[in-house]
Amino acid sequence: MTFQREIKKYDYDLPEELIAQDPVSPRDSARLLVYDRKTGEVSYSHFRDLVSFLPKNAVLVFNETKVLPARLSVKKESGGMVKILYLAIVGKCIRVFSNRPLHSGAELTIVKNLGFIVEKKDDKYYLLRPTFPLAKLYDVLERYGTAPIPPYIKHSKLKGKALRAQYETVFAKHRGSVAAPTASLHFTRELLVKIRRAGIAVKFVTLHVNLGTFAPLTEAQWRKGLLHEEEYMIDARTATFLNKSKKEGRPIIAVGTTVARTLESAAASVIPGLTRNPELKVLSGSTRLFIREGDKFKFVQGLITNFHVPQSSLLMLVAALTGRKKLMELYQNAIHLRFRFFSFGDGMLVR
């Protein structure tokens, strides 16, 4: 099976008007498609009624990463402006994407006495050395940067701080992402209270979302079975609770593909080589985990997720739970019913 033939299976036609440009208000009024894997039943509702569809004694796991204002406008020595996107810290440098070519040794200025020196090109990205202490990077981004809103959101009515506020979860805590964990954007504080009162546990992990969430899947990634690298962390107390819940048979529901990748990356079998009784053991590190149809989830039993871009690794991850044919059928149902797609769109629960 060739790469092109394989990803073509995950293609679909989406009317442009179904790409959500703004979130609904309140957040939990977004629509919800529910698919029950055991019965095959498909239901349609809203996120505010999520409790009605969650398995008894379920545990919801969220990603509490916080989006950095990672886009910066910098000035070249020639006076021309360049837009860069911060991706990661690499040694004493930062890796960025640039909308214009840069040459080694060039000086880039944010404001007077604050900027970067171009060290070298790193594949399709650049390594920049800050002219200020690297420890102050996040503070510099907070002051001078803008939120990296996805490229398909072109006509939002919101601007500046208002747009950034909406492209952030209500519980965001740890700075480090260049994209929001969008499945969590549907949750309000009121909905979280309602969920807890229903006896559903709410827990948090962290995975810092990288640019790879926007980037098309490459043939190299598909052949190697490895995606872009992302950093994750699970608190030891959270891991203990989740491991205990798993042993008790409580359904673990990942809110978002980032949480699914975090839990599956951290999960290891108690007895090496066996998939029974997995536990969260590797509580921090980087993951390149690529989950696709045919893979078996070790820890996660259900997923809350948005409707994803065609031919993406995120679609393939969901297909590992639903099967590809069923997933594409569900997407056609959502399009027929005029669900809203992508970051500010509606979502689905696979249980």
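Thr206 has its bridge partner in strand E13, namely Met233. That pairing belongs to this predicted model, where strand E12 (residues 201-207) and strand E13 (residues 226-233) run antiparallel and are joined over 2 bridges. As a reminder, strands of a sheet pair through backbone hydrogen bonds, either parallel or antiparallel.

Let's step back to the sheet that holds these strands. Its 9 strands follow the order E2-E1-E19-E18-E14-E3-E12-E13-E17, and the sheet is open with mixed pairing. Ignoring direction, neighbouring strands are turned against each other by 25° on average. Helix H6 (residues 236-247) lies across part of this arrangement: it covers strand E3 (59-63), E12 and strand E14 (252-255), and runs at about 125° to E12.

On the H7 side, the contact is made by Thr257, Ala260 and Arg261, while H8 brings Leu314, Leu317 and Val318. By class, the residues of this contact comprise 4 nonpolar, 1 polar and 1 charged.

Two helices, H2 (137-144) and H3 (160-166), each supply at least two residues of the lining. H3 gives the most, with 3 residues. The lining as a whole is made up of 7 nonpolar, 5 polar and 5 charged residues.

Finally, two spots in the backbone deserve a visit. Most residues other than glycine have a negative phi, and most peptide bonds are trans. Against that background, the bond joining Ser25 and Pro26 is a cis peptide bond, with omega at about -5°. You will find Pro26 in the loop between helix H1 (3-8) and strand E1 (31-35). The other spot is Asn113, a residue other than glycine whose phi is positive, near 65°. Asn113 sits in the loop between strand E8 (107-111) and strand E9 (114-122).

Notes
Residues are numbered from 1 along each chain as its sequence is written. This is a predicted model: local features need pLDDT of at least 70, side-chain atom pairs count only at pLDDT 80 or more; totals for chains, interfaces and linings use all residues. Side-chain values use heavy atoms; hydrogens and water are left out. Helices (H or I, at least four residues) and strands (E, at least two) are DSSP runs, numbered from the N terminus. Ala, Val, Leu, Ile, Met, Phe, Trp, Tyr, Cys and Pro count as nonpolar, Asp, Glu, Lys and Arg as charged, and the others, Gly among them, as polar. Two strands pair if DSSP finds at least two bridges between them. Axes are lines fitted to C-alpha atoms, for helices over the stretch in contact, and angles run from 0 to 180 degrees between N-to-C directions. Contact means heavy atoms within 4.5 Å.
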